[in-house]
Amino acid sequence: MIKRPKPQKFRLRRTMMFMNAQKPGLIKDAYIYGADSIILDLEDAVAENQKDAARFSLYQALQNVDYGDTEVIVRINGLDTPHWQEDIRCVVAGGADGIRIAKCESAQDVLTVEEHVLAAEREFGVEEGRTLLMAALESPKGILNAYEIVTASDRMFGCAISGGDFRKSMHVQIEEGGIEMLSARGQMLLAARAAGVQCFDTMFPYLDDTEGFQAEVIQNRKMGFDGKSVINPKQIRFVHETFAPTPKEIAYAEKLVRSFNEQAESGVGVYTVDGKMVDIPFFEDARRVIALAKACGVYKGDL
Amino acid sequence: MKNAVNREIPEELLKDGKEVYQGKYYMDGKYIKRDSPKTRRYVKPQSSKLCSSIRKACERCGAHDGMTVSFHSEFREGDYVASMVAKVLVEEMGLKDITIAATSLGNAQDLIADYIEQGKVIGIQTSGVRGRIGEVISAGKLATPAIIRSHGGRPRAVEAGEVHIDIAFLAASTSDCWGNAKGVGGKNNCGSMGFAIHDSHYADHTVIITDTLVDFPNRPSSISAENVDCVCVVDSIGDATKIATKEARVTENPRELMMAEHAAEVIAATPYFTDGFSFQTGAGGPSLAVNRFIEKRMVEKGIKMSFALGGVTSAVCQLLDKGLVGAILDTQDFDMGAIKHLAEHPKHHEISMSEYANPANKGAYVNQLDFVVLSALEIDVDFNVNVITGSDGILRGAPGGHPDTAAGSKCCIIVTPLTRGRMATVCDEVVTVTTPGDCVDILVTDYGIAVNPLRNDLAQCLDAAGIEHVTIEWLRDKAYSLVGTPDALEWEDQVVAVVEARDGTLLDVVRKIRPLQLDG
Amino acid sequence: MEIQKPAIAGTLESSDAQIVVEPFTDGIQLSIESSVMNQYGRQIKATVLETLEHLGVKNGKITVNDKGALECTLKARVECAVFRSCGASEKNIPWGGVVR
């Protein structure tokens, strides 16, 4: 039996890769591609009459496959289906790190899931509060309620927009430049940052359109996303490279952190760098950049 | 008697000067007296060498019981000629005790499996055995053990007289009535005829089988009329569209692409990756995909490849068209693009199997190779590679040029997934050794990279480039932790195949497998 | 558990296994076909029997068509087939109990 370490609410999640929980060949070692998180899917990828089989596969995989440092999230079926309650029991008993709530539209949806997760943790003797949650926002209502959704539970580490369903409900198609989801992405980002949780963009569906994919990833980073869903391992590397801090950003962050440390030791109350006054949030952001650079494997310094 | 790769070779095979394998350079510098064909004189002028049927050609060449015939496998899975000729020999002419010496045998020759079962074909000498032929040999139905040789080992054995070909039946895409023949310009083109050229020099008789007769002289030609006895015209010699098998296609499999990318990183980290380097890839998906990733690294570094060797795909032809490759030396084409490219591009040269890989000539091209990227069915902790038997002990593979390029190159990289289904590719001991471990330098898997301890210099290069690597034992342990430690296969005493090292010494034997019977 | 009606789980894809369970009155009748029989036949048999034992299945005709499935996949397929045969595969599975 594999005993997974306690999930961390805040960790690196540049890529979350979807895998069909029903395919033994896929889930046995999905971690080798280096995605930060994998999402084992009980929802869309699994046919209606195989939901039961997928849960047995998922449970045995969670119990027997060593996913190492890779986070293991499970996408459960929607709250409007007959499947989600057993999904939750299976996921919690199996010891996954977290649950992705599909089609989340309100704080109540989160509370409903949380209630069942807690019940399952008690039933299976899992530490209470261990199982994390994230919300997939797939409708205008979900986006408008983003803030109440991500603040509904302490277990909530972030939210993601799910482009396929969202675009349908908005009567739009995927567009070059992303104009069709610009306000939704922006609104979700605002809600996530206000709540202090992470925010993830939707997957890019056209595997052969490398240019379109890369443009979207670059835009994601510029907008402030923490990561992106991916559907094929070949998408991972570019996302990781794009989300890693640049050498220039790292150098500046390093300078800020070093001068803060020096000045704090000498008891100075007002911080200055290069002769200019600098506010505390700058230092916090600099520490975040250094931590991200370390996690991305691009930091070679000694901080 | 145990050989240098720790394999037990039965004493009864060590006769007529046969020795056990004693290391990759054991035969270096030794002399050999070459065999020569017994050639019929054609003094009296004739108007043409055309024969109205394969049977007529066989009769003119003195086909008889107990003879050895040869075929080339340039049409791979699309070959019609080997089965067509075997049918004439066995069913029309009623011949028996035939030995078939082919450059490879596979699904296209399933008919020959029937003749093995009927006892008409009693000997098989080949570089590859797939499909039903592999199954019937593994089941012990061939009267004498099959002899498995590498692409370089085959011309060596022919020159040494260890296999003397009575009649070579050579499929050719075009021929004139005099027997000048080649693999391009016809209805069904295979491109390079590198596998056939050497046979035409050493066989007592050569029969060209074509479906496109062209005006004399069909020059420049791969096979010269001076070595040809007869020419037969048939409806179709093969289906060229089947040349590109599944193994030879460009992969979209993310696991294979990831491994290929890592292999390219490894190549770029070695000191051989400089302007003028030379390169070969095998036909497996992940090794072929290395072409895609090597291009980027060449452009970044501003270097070019001097020559690409061996089996050729469109991928390497495109590199040449972009000016990144000086020349292609081609023994075999793996897809239609490569076949077309050979016909059209002056820097794309056909070479014979002997020029390519023969370890008993005055220096084969494999000895000039910097890199070769190959696949494996299994690789063990001594870096010995198996490309002939499945983990279940059944013959289903082809050494081809694997042992030759591994031995000749400065850096041999094996690219393979750690497991295939429930089979561990990295294992304690391979079922059969086809390429000795001292020829293999680096292993790239989906779970990590391992460097042969004999090549500490390469390990240091990877360290310097920041490429992580592990021991091969670690990879084996990981494989077994995933799939479970397999039970040892159980064998009968009967030897069904002998694996010759490229220098003619005995590398390993394959015995008849005893299938597991579960009771209850 | 008791096998009440014929049930099937799994596929014939590579790395999977298809398990058919059928009612039978006289103990366990197990037949195994596998693409990795020579190396893993014994382990497959042991895994299937152990899983049945955990589930408390005493009687049943079990047919395994294995395409190189890992042990955890074999277990999951056997469990699913048995629960399906009892019409109990959808809800209140004893995760960590007899399913382990």
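# Notebook: chains A, B and C

**Entry 1: around helix α8 of chain B**

I began just after α8(B), where B:Gly302 takes a positive phi of about 70°. This is a predicted model: local features need pLDDT of at least 70, side-chain atom pairs count only at pLDDT 80 or more, and totals for chains, interfaces and linings use all residues. Residues are numbered from 1 along each chain as its sequence is written, chains are lettered from A and ligands numbered from 1 in the order in which they are written.

I then looked up the helix. My helices (H or I, at least four residues) and strands (E, at least two) are DSSP runs, numbered from the N terminus. Helix α8 of chain B covers residues 285-301, which makes 17 residues. I found 25 Å from its first C-alpha to its last, close to the 24 Å expected at 1.5 Å a residue. The expected span is 1.5 Å times one less than the number of residues.

Where does α8(B) have its kink? The kink is centred on B:Phe293 and comes to about 30°. I took the bend at a residue as the angle between axes fitted to the seven residues ending there and the seven starting there.

Next I checked burial. A residue is buried if 20 or more other C-beta atoms lie within 10 Å of its own, exposed if 12 or fewer, and partly exposed in between; C-beta atoms are placed from the backbone. The buried residues of α8(B) include B:Gly285, B:Pro286, B:Ser287 and B:Leu288. B:Ile294 and B:Met298 are also among them.

What covers these buried residues? The cover includes helices α7 (254-269) and α9 (314-321) of chain B. Strands β11 (277-281), β12 (305-312), β15 (371-374) and β18 (411-415) of chain B are included too. I count two residues as in contact if their C-beta atoms, placed from the backbone, lie within 7 Å.

**Entry 2: the sheet in chain B**

I traced an open sheet of eight strands in chain B, with mixed pairing. The order is β14-β13-β12-β11-β15-β18-β22-β23. β14 (348-350) and β23 (448-451) of chain B stand at the edges with a single partner strand each, so one side of each has no neighbour in the sheet. The twist averages 20° from one strand to the next. Two strands pair if DSSP finds at least two bridges between them. Strands of a sheet pair through backbone hydrogen bonds, either parallel or antiparallel.

I picked one pair to follow. β12(B) and β13(B) (residues 325-333) pair in the parallel sense over seven bridges. B:Ala308 has B:Ile328 in β13(B) as its bridge partner.

Back to the helix: α8(B) packs on the sheet and touches β11, β12, β15 and β18 of chain B. Its direction makes about 150° with that of β11(B). For such angles, axes are lines fitted to C-alpha atoms, for helices over the stretch in contact, and angles run from 0 to 180 degrees between N-to-C directions.

I found a cis peptide bond between B:Phe216 and B:Pro217, with omega about 0°. B:Pro217 sits in the loop between β9 (205-210) and β10 (230-233) of chain B. The bond from B:Arg219 to B:Pro220 is also cis, with omega near -10°. B:Pro220 is found in the loop between β9 and β10 of chain B.

B:Arg76 has a positive phi of about 45° although it is not a glycine. It is in the loop between β2 (68-71) and α2 (81-92) of chain B. Is B:Arg76 buried or exposed? B:Arg76 counts as buried because 25 other C-beta atoms lie within 10 Å.

B:Asn6 has phi near 65°, a positive value in a residue other than glycine. B:Asn6 is in the segment before β1 (50-51) of chain B. With 12 C-beta neighbours inside 10 Å, B:Asn6 counts as exposed.

**Entry 3: chains A and C**

Chain A has twelve helices and ten strands. Of its 303 residues, 48% count as buried. I looked up A:Phe10, in the segment before β1 (15-20) of chain A. A:Phe10 is exposed, with 12 other C-beta atoms within 10 Å. A:Phe10 and A:Phe157 are 147 residues apart in sequence and 6.8 Å apart in space, C-alpha to C-alpha. By contrast, A:Tyr252 and A:Ile231 are 21 residues apart in sequence and 34 Å apart in space, C-alpha to C-alpha.

Chain C has two helices and four strands. From the N terminus on, its elements run β-β-β-α-β-α. Of its 100 residues, 48% count as buried.
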